[in-house]
Amino acid sequence: MEIIRTTAWMKQVARDARVKERVLGLVPTMGALHEGHFSLVREAQKQCSPVAVSIFVNPAQFGPGEDFKKYPRTFDADIAALEKLRVDYVFAPPPEEIYPPGFRTAVIVEGLGEVLEGRVRPGHFRGVTTVVAKLFEIAQPRLAFFGRKDAQQARIIRQMAADLNLDAEIVVCPIVREADGLAMSSRNAYLKGSERQAATALYRSLDAARREIAKGERDAASLIAVMRAVLDAEPGVTPGYVEIVDADTFEHVVSLRKSCYALVAARVGATRLIDNALIEQEGESFNVAV
Ligand code: AMP
């Protein structure tokens, strides 16, 4: 496994792969790797060779009051894990490789980037799309792998890739969860004591919606009320948004339709967590993937 620190060298590797008609797969991450990230790597390895994992804690996607400084950084453990998985390349540039002095360009996906996470975290998606556009330009992936854990992010990146005629095909992988349902996240490391158990409320709220849908509930407001009730019942959890949106437009729906997301955001102590379920129509019924 080769650890690449410069954009110039990553570009060279990408060029070599293209010349040899190899299918380079990219897995963008911010490190502090866990099984959720590894699932993306394994999927990439099924579809691509070589596979590159980027590790870059992107300052541009953190707001002023957010956790950029304390975001978990576990580089040595990440490298050991990726080596064990037989990843070909790790692209881990220092910030100045990505944002040299004088940097002043941004990629913004309008509309989709302004609702939900975009509303709560102004500038977040601008930071995400800008860095992902740069990573795509540097690594030239034929396929790039993202988690449904960040469903809005994946939708926005797919839009960006289409709008900018990028070659990268976006692959979205399922959410990997702990045994008790908590969606894996680097930020779970912040959870202290009883917060860890309380954090399962996000999953439990989605699971409650799933049960209601199985019983025939189709009304978004009723499902949102069910989800909110689960979050409200958990002391130590402060609900943020609880929404059901069209999976394509991310606009609110009144009742379930073809393909929707139930999205929840909540604070558990000082830690902000998000989770979602994908709701897809199949004939008369709806399948819910949490
Ligand atoms: P991050 O390092 O948090 O920026 O995440 C890097 C990629 O891993 C993103 O595409 C995330 O959606 C994905 N990811 C994070 N957690 C999970 C999870 N629990 N299951 C699946 N994918 C995940």
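# Exercises on a predicted model

Six strands form an open sheet with parallel pairing, in the order β1-β4-β3-β2-β5-β6. The model is a predicted one.

**Exercise 1.** Determine which strands are the edge strands of the parallel sheet, and describe how β1 is joined to β4.

*Solution.* Step 1. The order of the open sheet begins with β1 and ends with β6. Step 2. β1 (2–4) and β6 (169–173) each pair on one side only and are the edge strands. Step 3. From one strand to the next, the twist averages 25 degrees. Step 4. β1 runs parallel to β4 (residues 89–91), and three bridges join the two strands. Step 5. Within this pair, I3 has V90 in β4 opposite to it.

**Exercise 2.** State which strands are touched by helix α1 and which strands helix α6 lies across.

*Solution.* Step 1. Helix α1 (residues 7–19) packs on the sheet and touches β1, β3 (51–55) and β4. Step 2. The direction of α1 makes about 130 degrees with that of β1. Step 3. Helix α6 (residues 124–139) lies across β2 (25–29), β3, β4, β5 (143–147) and β6. Step 4. Relative to β2, α6 runs at about 145 degrees.

**Exercise 3.** Describe the packing of helices α9 and α10.

*Solution.* Step 1. Two packed helices are described by the angle between their axes and the distance between the axes. Step 2. For α9 (residues 200–214) and α10 (residues 220–232), the angle is about 145 degrees and the axes are 8 Å apart. Step 3. The crossing of α9 and α10 is right-handed. Step 4. The residues of α9 that meet α10 include A201, L202, L206 and I213, while those on the α10 side include L223, V226 and L231. Step 5. By class, the contact has 11 nonpolar, one polar and two charged residues.

**Exercise 4.** Describe the open sheet of four strands and its contact with α10.

*Solution.* Step 1. The strands follow the order β7-β8-β9-β10, and their pairing is antiparallel. Step 2. The edge strands, β7 (237–246) and β10 (285–289), each pair on one side only. Step 3. On average, neighbouring strands are turned by 20 degrees against each other, direction ignored. Step 4. Five bridges pair β9 (residues 271–282) with β10, and Q281 stands opposite F286 in β10. Step 5. α10 packs on this sheet, where it touches β7 and β8 (259–268). Step 6. The directions of α10 and β7 make about 160 degrees.

**Exercise 5.** Characterise the second largest pocket by its space and its lining.

*Solution.* Step 1. The second largest pocket holds about 270 Å³ of space. Step 2. Of its 18 lining residues, I55, F56, V57, R73 and F75 are the closest to its centre. Step 3. By class, the lining has 13 nonpolar, two polar and three charged residues.

How values were computed:
Residues numbered from 1 in each chain as written. Predicted model: local features only at pLDDT ≥ 70, side-chain atom pairs only at ≥ 80, totals over all residues. Heavy atoms only, no water. 1 Å grid on protein atoms, 1.4 Å probe; cavity = no way out; pocket = protein on both sides within 12 Å on 5 of 7 lines; lining within 4 Å. Points joined across faces, edges and corners; volume = space filled by probe spheres on them. Nonpolar A, V, L, I, M, F, W, Y, C, P; charged D, E, K, R; others polar. Pairing = 2+ DSSP bridges. Axes fitted to C-alpha atoms, helices over the stretch in contact; angles between N-to-C directions. Contact = heavy atoms within 4.5 Å. Left-handed = near helix turned anticlockwise from the far one by under 90°.
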